[in-house]
Amino acid sequence: MPLKNVTNAPANSLTVVNAGVYEINYYSNVSAALGTTVTLAVRRNGTAIPQATISRVLSVGVGSLYSGSFLIRLNAGDVIDMAISALLAVGITLGGGVNTTLTVKQIDI
């Protein structure tokens, strides 16, 4: 996907260049090796964004889709990324094909 007024540094993240209102869309397809609670969070500067944090109890080997869209005001230099965590130490497997996406689009200044 083309980058405009955003950088992909540090690795596996997006850093916005301009302050403004952004639309963030996220999607991930994951499964767990053990039945446990798995949380996916979109983060801003390393802190989970409450409206983009989803926790689900997953069954062994059953895929679950995590997705959403929201608007947020960001400052220049804010770093956006996604993180997966689990209640128990467990192996997480991403689904086949397009398994995770994160888009950040400025819609207003």
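What follows is a short tour by topic, from the core out to the loops.

This is a predicted model, in which local features need pLDDT of at least 70 and side-chain atom pairs count only at pLDDT 80 or more, while totals for chains, interfaces and linings use all residues. Residues are numbered from 1 along each chain as its sequence is written, and side-chain values use heavy atoms, with hydrogens and water left out. Strands here are DSSP runs of E with at least two residues, numbered from the N terminus.

**The nonpolar core**

- The largest nonpolar core has 21 residues, and Ile24, Tyr26, Val42, Tyr66, Phe70, Leu74 and Val104 are the ones that touch the most other members.
- A core of this kind is a set of buried Ala, Val, Leu, Ile, Met, Phe, Trp, Tyr and Cys residues joined through side-chain atoms within 4.5 Å.
- "Buried" means under 20% relative accessible area, "exposed" means over 50%, and "partly exposed" is in between (1.4 Å probe, protein chains only).
- Strands S2 (14–16), S3, S4, S5 (47–58) and S6 each supply at least two residues of this core.
- S3 gives the most, with 5 residues.
- Ile24 has contacts (heavy atoms within 4.5 Å) with Val42, Gly68, Ser69, Phe70, Ile72, Leu74, Ile80, Leu102, Thr103 and Val104, once residues up to four places away in sequence are set aside.
- As a general point, nonpolar side chains in soluble globular proteins tend to be buried together.

**Salt bridges**

- How many salt bridges does the structure hold? There are 3, each being a side-chain nitrogen of Lys or Arg within 4 Å of a carboxyl oxygen of Asp or Glu.
- One of them pairs Glu23 with Lys105, at 3.0 Å from N to O. Glu23 sits in strand S3 (residues 20–32) and Lys105 in strand S9 (residues 100–108), so this pair ties together parts that are 82 residues apart in sequence. Lys105 is partly exposed because its relative accessible area is 47%.
- Another joins Arg43 and Asp81, whose closest N and O atoms are 2.7 Å apart. This pair also links distant parts of the chain, with Arg43 in strand S4 and Asp81 in strand S7 (residues 79–86), 38 residues apart. Arg43 has 26% relative accessibility, so it counts as partly exposed, whereas Asp81, at 12%, is buried.
- Arg44 and Asp78 make a salt bridge too, at 2.8 Å from N to O. Here Arg44 is in strand S4 and Asp78 is in the loop between strand S6 (64–74) and S7, 34 residues apart. Arg44 is partly exposed at 24%, and Asp78 is buried at 5%.

- Ser28 lies in strand S3. Is Ser28 buried or exposed? Ser28 counts as buried, because its relative accessibility is 1%.
- The side chain of Ser28 makes a polar contact of 3.0 Å with the side chain of Thr100. A polar contact is a pair of N or O atoms within 3.5 Å; within protein, one must be able to donate a hydrogen and the other to accept it, and residues adjacent in sequence count only if both atoms are side-chain atoms.
- Beyond its neighbours within four places in sequence, Ser28 is in contact with residues including Leu40, Tyr66, Met82, Ile84 and Leu94.
- Thr39 is in strand S4 (residues 36–44) and counts as buried at 18% relative accessibility.
- A 2.6 Å polar contact joins the side chains of Thr39 and Ser55.
- Leaving aside neighbours within four places in sequence, Thr39 touches Thr53, Ile54, Ser55, Ala83, Ile84 and Ser85.

**Backbone details in the loops**

- The Ala9 to Pro10 peptide bond is cis, with omega near 0 degrees, and Pro10 is found in the loop between strand S1 (6–7) and S2.
- Asn12, in the loop between S1 and S2, has a phi near 60 degrees, which is a positive value in a residue other than glycine. At 75% relative accessibility, Asn12 counts as exposed.
- Asn45, in the loop between S4 and S5, has a positive phi as well, near 55 degrees. Asn45 is partly exposed, with a relative accessible area of 45%.

Technical notes:
Helix = DSSP H or I, 4+ residues; strand = E, 2+ residues; numbered from the N terminus.
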